[in-house]
Amino acid sequence: MRSRGVRGAARLVPALFLAFAACTEGKQSTLSPEGPIARDIFRLSTVPFLLACGVFVVVEGLLVVALFRFRERRGGPAPVQTHGNTRLEIGWTLAPAIMLAFVAVPTVGRIVSLASTPAGALNVKVFGHQWWWDYQYEDSGVRTANELHIPTDRTVVLKMTSVDVIHSFWVPKLAGKQDVVPGRVNQLMIRADKPGNYYGQCAEFCALSHANMRLRVIAQTPAAYENWVASQQKAATAPSSAAASAGQRAFLTGKCVNCHAVEGTDARRVDPEHAQAPDLTHFASRGTFGSATFVRNDENLRRWLRDPPAMKPGSRMPNYVARHELNVDDIDALVAYMQSLQ
Amino acid sequence: MADAAAVRGGFFSRPRTTSGVWGWITTVDHKRIGILYGVTAAAFFFLGGLESFVIRMQLATPDGHVVDAHTYDQIFTMHGVTMIFLVIMPLGSAFFNFLLPLMIGARDVAFPRLNAFSYWAFLFGGLFLYSSFLFRAAPNGGWFGYAPLSSSQQFNAGPNMAFYALGIQILGIASVASAVNFIVTIVNLRAPGMSFMRMPVFVWMTFVVSFLLVFAMPVIAVALFQLMFDRLFGTNFYNVANGGDPVLWQHLFWLFGHPEVYILILPAMGIVSEVLPVFSRKPLFGYAVVVFSGIAIGFMGWGVWAHHMFAVGLGPVANSAFALSTMFIAVPTGVKIFNWLATLWGGQIRFRTPLLFSIGFIAMFIIGGLSGVTHAIVPSDYQQTDTYYIVAHFHYVLFGGALFGLVSGVYYWYPKIFGRMLSEGLGKIHFWLMLIGFNLTFFPMHMLGLQGMPRRQYTYPKGMGWDLANMVETIGTGVLVLAFGVFLYNLVVSHRRGDVAGDDPWDARTLEWTIPSPPPPHNFDEIPTVHALDDFWHRKYAEDDAGRLVPVAAGGSDEAAVHAEHEDAGHGAHGIHMPDPSWYPALAALGLPFIGYGLVFHRVGLIAVGGILALAGLFGWAFEPSAEEPVAAAAVEE
C-alpha cells in the first residue's frame, strides 16, 4: 500500500516537472530545448533538480514538524539538554556528500563533451559589437549580421570574439551561453532539430543597449540553407525604382558609407575586426534590424533614420538629422533603397 | 565643555564630552560605534531599497519608461554596491562592534580609536559613492565592474567608474582596519576562562569573517588599483589592444567576491546559532561541528571563485575543478542547517519575533543553498548564468538568508542595546509581511531566469512570456515596502514606549545578558570568570540525571556569588578607566574622500588637502595623550 503510494508519487513528480515546463513555455525558454545540445543540458539538469526538490521537501518538512511538535506548552516537561550526537552528525555530513558525488560524475562528463567539437561541423566566426553581432561563414565567405542562418541537423561551431567589451552569445533553445571576450576566441556549439526562428540575446552586461542586443538563429532545411547561402554570396541588386535609386545616391554620398557596406557599390566590405556597423548588402533579406530588436518595415526604418539613439540608447549611429548631416527629405528614398536590398 | 578641555590641556588634549553631536563624533566606545554603524546602514538600506523599487517599477511591464537606460544602469549598479558594501557588511559590523566585547567579557575592543576610524572611513566612503549622483555620474558598470567596460575611457567615459574604484577602495580600508581590530580583540581580550571552544558561535563567526576580510580586501584593492590606473593614467592591465587581459579582472574580483559572500552570510549564521538555543531552551546541537563547519566554509570559500566564470571559457579542466569544489562547499553548509534543526528538535520552542526571523533564515536559506548547488552543474549554469535565476538565487542567500538573520539579531539584541523591548505584535506583522513580500518578489525570478530573461537589462519586449512574473515581483516589492515601514515604526516607537527590558529578558545564555540594558560604558563592573560554554545559562540552570533542565535554586551557591559580585561592583565602577574620546580618527578618515575626489576629477590640490587631513589625523592620533589626568577627569565628572 505504502510502496504503491511512493511509486505513484515518483511518477507524479516528473509529470509535475513537465507541467511546470509546459506552463513556462516561451520564445527564449531554456525549458523547451529544440536541439540535441540544449536538450542534453536540460536532461542533465532534471535529475539534480528533482533531487533538490526532494531535499527541499524533507528538510523544510523536518523544520515544520519540529516547530509544531516541540512548540512551548504550558506545564510541558523541561527539554532534555542534548549537546550533540556524533553518529547523526557524521551521517548528515556524508549523506549530502554522497548525493553530490552522484551529481558530479555526469556533470564532469558533460563538461568535457560540450568542449569537444565534432568533425564536419559548419564553422562561423562571430564578432560581438556594442550592440550588434557580425557573422562570417568560414566555408562560404557569407557575411551577415544579427540573424544567423544555420542548416538543421548539423552542428554549427561558433568561433567568437569581441571587438570592444565582453558580450555573451545565448540562444537558450539551442545551447547554453558562452561569453564573447575581446582578445580571446571562444567556441560554442549550437544545433537545431527543426527549421525555425530561435530567439536569443546578449547575456553579459555591455552598457546602455545591452537589453537591445538581441539575435535570431534561423534554422533551415539543408536545401533551403544552400539557397540562402547562394543568394547571400551575390552582390547587391541594383535599385529598380526611382525612389530606390535616389536612396542609393543619398546612401553613397552621405554619412552612411563611412560605416556600412553594400557589396557591388563603392561602399566596400572591410574585415570584421574593423567593421563599424552591420553589412547591408542583403539587408532586406532579414526580418529585423537594430540587432534583431525591431521588425524591418518602412515605418520603423523611418523612425530609425530620424533618430537612432531614441530607439536604441547609446547607438553608435547618431542622430544625423539633428546634426544637419541627413536631409529629412532623403529618408523616404533611403528606406526604399534599404528595402530593395534583397 | 569640550572647548574648555581643549584649552586647558593644550593642542593634543582629548575631548571630554560624551553627549551631543560631538560626543558621537569623538566616541571610541564600541557600543556607540556599533549603534552608529547600525543607523548608518539603515539609512543606506533606505537608499538601496529605493533603488530596488525603481528597478521593479521599470520592469513591472514590458517596454517600461520609468527611467531611461542611462539612469537604470546607475541605479542597478548602486543597488548592488549599496546592499553589499553599505548595508549587509556594516550591519554585520554593527553587531560585531556592539556585541563582541560583551560576549567575551571585555570592556572594549583592542584598539578603540582604530575602531572609530573604521566607522568614519566607512561613512565617508559611502557618502563619497553617493555623492556621484550629484555629478550625474554614479557607477554604471555593475557592482562586478567587468573590464574593459569599467576600465576603459573609450567604452565608458565620465567619472562613473572612477567613483566606483575609489569608493570601494575607501570602504576596503575601513573593513581591513576593523577586521584586524576584531581579530586582536578575540585573541587577546577574552575573559579569564573563556577558551576558544567556550566562545559563543557568533564570536567564532566574527573571527572567521575578520580573517576573510583581512585576506579578501587586499585582493580587490589590487584589482581596483589596476582599474584606477587604467582609467586615470592609461596603463594597460585590462586593455586587450596593448596585451592586457580583461579576464584577469574577473579572477581578482571573484577571488575577493566569493569569500565576500561568506563575509555577508556568516554573521547571520552566527546570529541564528545564538537565537535558536535561547528560544528552544536547549544548547546548540553539535557546537564544535557548527564552529568547524563555519571555519571550513571560510577555507573552502577561497577555492570556488571561478564558478562565477563558467561561461567565460576557462576550459573543461578548470570548469570541472571548480564545479567539484562548489558542490562540496554545500556539505559544511548543509551540516549547519541540520544542526540547527536538531537544536530545535526536542526543545520547548517559544515563538518570539527573534526566533521567527531565524526560522525564516533557515527556511529561505535552504532554497538559496539548493539553487546554488544547481549552478555547480556547469552545463546547467551555461543556461542559468547572467539570468534572473541567479538573481533569485543570491537574493535567497543574501536577503532570505543574511538579512533575515540580521533582522532576527535586531529583535534579539534591541532590548540589550536600548533597554526596551520591541513590540511583539508589530514584530510578527513585520515577519509575515517580509516573508510573503520576499517570496512574491524573488521566487518568480527562478522561473523568469529559466524562461530566458537575462539580468541587467533596462527593458524587455512583449510576447516573451515574462510579463506576469514581472508584475507579481513588483507587487511583492510593494509588500516589502510595507514590511519595512512596520519595522521602522516599531524601532522608533519602542525606543520610547517599549516595555523595559531588564538585564535578561529572553532567559538567555551568553555574557552580555548578565549586565544591565543598556550596558554601562565600562560594560562589566568586574570582568567575569568563565567556567563553561554558555556560562550564564549554567549559572541559572543545571541538568538532572535524565538530562532535563532544572533551575538552580535561588540563593544557591553560584547564583548568590554572582549577585554578591554585582552588588559590590555597583560602587566599584569608579576605579575603571575607559579610553578617552578622540577627534583624530574622524579627522584622519575625512582625508580619504578628498583624495578620492582629487583622483576622480584630476585635482592635485584636493589630493593634497586630503593627504594633509589624513596625516594631521594620524599625527594627532599618535601624539595625543593616551588619557587625560584622572584627577581632571574626576573634576569634569562633578
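This is a predicted model: local features need pLDDT of at least 70, side-chain atom pairs count only at pLDDT 80 or more; totals for chains, interfaces and linings use all residues.
Residues are numbered from 1 along each chain as its sequence is written, and chains are lettered from A, ligands from 1, in the order in which they are written.

**View 1. Chain A as a whole.** Chain A holds eight helices and twelve strands. Helices (H or I, at least four residues) and strands (E, at least two) are DSSP runs, numbered from the N terminus. The radius of gyration of chain A is 28 Å, well over the 20 Å that the globule rule gives for 342 residues, so chain A is more spread out than a compact globule. This radius is taken over C-alpha atoms, and the rule is 2.2 Å times the number of residues to the power 0.38. The C-alpha trace of chain A spans about 95 × 50 × 40 Å along its principal axes. Of its 342 residues, 51% count as buried (under 20% relative accessible area, with exposed over 50% and partly exposed in between; 1.4 Å probe, protein chains only).

**View 2. Helix α2 of chain A.** This helix covers residues 36-69. Its 34 residues should span 50 Å at 1.5 Å a residue, and its end C-alpha atoms are 49 Å apart, which agrees. The expected span is 1.5 Å times one less than the number of residues. A kink of about 25° lies at A:Thr46, shortly before the proline A:Pro48. The bend is the angle between axes fitted to the seven residues ending at a residue and the seven starting there.

**View 3. The five-stranded sheet of chain A.** The sheet is open, with mixed pairing and the order β3-β2-β1-β5-β8. Its edge strands are β3 (143-145) and β8 (186-190), each pairing on one side only. Two strands pair if DSSP finds at least two bridges between them. Neighbouring strands are turned by 25° against each other on average, direction ignored. Strand β2 (residues 132-137) runs antiparallel to β3(A), joined by three bridges. There, A:Asp134 has A:Ala145 as its bridge partner. A:Met160 is bridged to A:Asn186 in β8(A). Four of the five residues of β8(A) are buried, so this strand is largely enclosed by the rest of the structure.

View 4. Chain B has 21 helices and two strands. A compact globule of 638 residues would have a radius of gyration near 26 Å; chain B has 25 Å, which agrees. Its C-alpha trace spans about 75 × 65 × 45 Å along the principal axes. Of the 638 residues, 64% count as buried. Helix α5(B) is mostly covered, with 17 of its 20 residues buried.

**View 5. The surroundings of B:Arg509.** B:Arg509 sits in the loop between α16 (467-497) and α17 (535-540) of chain B. At 3% relative accessibility, B:Arg509 counts as buried. Leaving out residues up to four places away in sequence, B:Arg509 touches residues including A:Gln81, B:Pro277, B:Asp534 and B:Trp537. Contact means heavy atoms within 4.5 Å. B:Leu533 is 24 residues from B:Arg509 in sequence and 8.9 Å away, C-alpha to C-alpha.

Conventions
Side-chain values use heavy atoms; hydrogens and water are left out. Axes are lines fitted to C-alpha atoms, for helices over the stretch in contact, and angles run from 0 to 180 degrees between N-to-C directions.
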